[in-house]
Amino acid sequence: MDRPSQVWWSLLPDNTALKQQRLPAYRLQLSASKVLSGFFATGALCLGMGIILLLSAKSTKEIEINYTNICANCAKLRENAINFDKKCSCSIPFYLPETMEGNVYMYYKLYGFHQNLYHYILSRSNSQLMGRNIKDVERCDSFKTTHNGTPICPCGAIANSMFNDTIILLYNINSSIYIKVPMLSSGITWWSDKFIKFQNPTSNDLPSAFAGTAKPPNWPKPIYELDEVDSGNNGFINEDFIVWMRTAAFPTFKKLHRQLNRVQHFTEGLPAGNYSFDITYNFPVTRFQGEKSVVLSTLTWSGGSSLFLGLAYTVTGAVTWLASFSMMAIHLMLAKRKMFFPNYKVKL
């Protein structure tokens with residue numbers, strides 16, 4: 001055998017079942033009954049899940065108090081930026097018709113606030129928020145530095161517009177005695193945000209760590225003084241700040257603000273009765289024709305009161321069943337035609 005023939009034979013794959021493609025194979029044979037059964041089963045599963053999710057969402061208890069117009073005097077005061085240092089408060093009494101059992105969560109809800117604008121979302125410094133370089137303000141656009149060149153910390157439009165109303169819930173035991181409902185400001189963030197995306201500079205003294213920086217223009221106090229009660233909840237790891245920095249996809253959104261501390265009178269949840277919100281009104285919304293509310297809500301295993309997921313499953317199941325019945329009708333029609341006309345062939 002000459003040299004070229006040997007080279008040609010050496011390039012051939014080995015004579016094995018795998019390389020010669022002689023392994024046993026299974027070709028799926030789908031009959032009409034199997035396909036229709038699959039479609040019907042999928043539709044039934046989606047319909048069942050949709051109904052369960054809708055019932056679960058409906059079982060949540062929720063009350064929303066819109067205080068934009070109730071606190072109209074404060075809203076008008078906040079329209080002028082000159083009044084940023086003037087304190088304005090209002091009290092909003094309300095009645096809770098039935099007990100909210102279990103864990104109760106407090107949210108603030110904004111209407112008409114577009115956190116999804118492209119330039120707004122980009123107006124932040126991730127290296128600053130992770131504590132690597134607190135003076136890195138390159139991507140913060142109009143909120144980089146003060147008029148004298150001092151870097152703003154935290155910089156950017158998102159941080160500057162942080163929601164800063166103070167909301168206190170009071171429970172009316174009787175006609176003259178109100179007690180403050182204990183609320184927790186911890187445990188309201190995503191774990192990945194709290195321990196990965198937001199970190200303070202490596203220093204035991206936060207004021208010195210943030211030395212040489214300035215607070216955002218709309219903030220009344222610097223980042224290291226956000227929580228006067230819990231010193232461990234200051235700086236970039238402040239949970240209210242972290243919640244605000246996770247931007248919303250729609251102009252109407254609610255964000256977790258507090259959760260009920262189930263002690264004393266509230267071990268079983270919030271009992272039915274008379275309550276009131278004491279609100280220190282700081283966040284202006286009337287300048288952009290927006291509104292704001294405070295929401296008290298319970299949760300279930302599937303989440304909150306949103307019906308979207310349940311409706312999505314229900315619609316998917318209904319459409320799948322509609323397609324199944326249509327295919328079954330076509331199959332029966334063709335089978336009947338073939339029975340009476342054996343030589344009939346479908347032209348594709």
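This is a predicted model: local features need pLDDT of at least 70, side-chain atom pairs count only at pLDDT 80 or more; totals for chains, interfaces and linings use all residues.
User: How much space lies in the second largest pocket?

Analyst: About 650 Å³.

User: Which residues lie nearest its centre?

Analyst: Y107, W190, K254, K255 and L256. They are part of a lining of 27 residues.

User: Which elements give two or more residues to that lining?

Analyst: Four ranges to look at: α2 (32–58), α9 (239–245), β8 (253–260) and α10 (308–340).

User: And which one gives the most?

Analyst: β8, with three residues.

User: How does the lining divide into nonpolar, polar and charged?

Analyst: Twelve residues are nonpolar, ten are polar and five are charged.

User: Switching topic. Where is N116?

Analyst: In the loop between β4 (104–111) and α4 (118–122).

User: Is N116 buried, exposed or partly exposed, and why?

Analyst: Partly exposed, because its relative accessible area is 29%. That value falls between the 20% cut-off for buried and the 50% cut-off for exposed.

User: What is N116 in contact with, leaving aside neighbours within four places in sequence?

Analyst: I121, A248, A249, F250 and P251.

User: What separates the C-alpha atoms of N116 and P251?

Analyst: 7.3 Å. Along the chain, the two residues are 135 residues apart.

User: What does the side chain of N116 reach?

Analyst: The backbone oxygen of A249, at 2.9 Å. A249 is also among the contacts of N116.

Key:
Residues are numbered from 1 along each chain as its sequence is written. Side-chain values use heavy atoms; hydrogens and water are left out. On a 1 Å grid over the protein atoms alone, a cavity is a set of points where a 1.4 Å probe fits but cannot get out, and a pocket is an open set with protein on both sides within 12 Å along at least five of seven lines; lining residues have an atom within 4 Å of a point. Grid points are joined across faces, edges and corners, and a volume is the space filled by probe spheres set on the points. Ala, Val, Leu, Ile, Met, Phe, Trp, Tyr, Cys and Pro count as nonpolar, Asp, Glu, Lys and Arg as charged, and the others, Gly among them, as polar. Buried means under 20% relative accessible area, exposed over 50%, partly exposed in between (1.4 Å probe, protein chains only). Contact means heavy atoms within 4.5 Å. A polar contact is a pair of N or O atoms within 3.5 Å; within protein, one must be able to donate a hydrogen and the other to accept it, and residues adjacent in sequence count only if both atoms are side-chain atoms.
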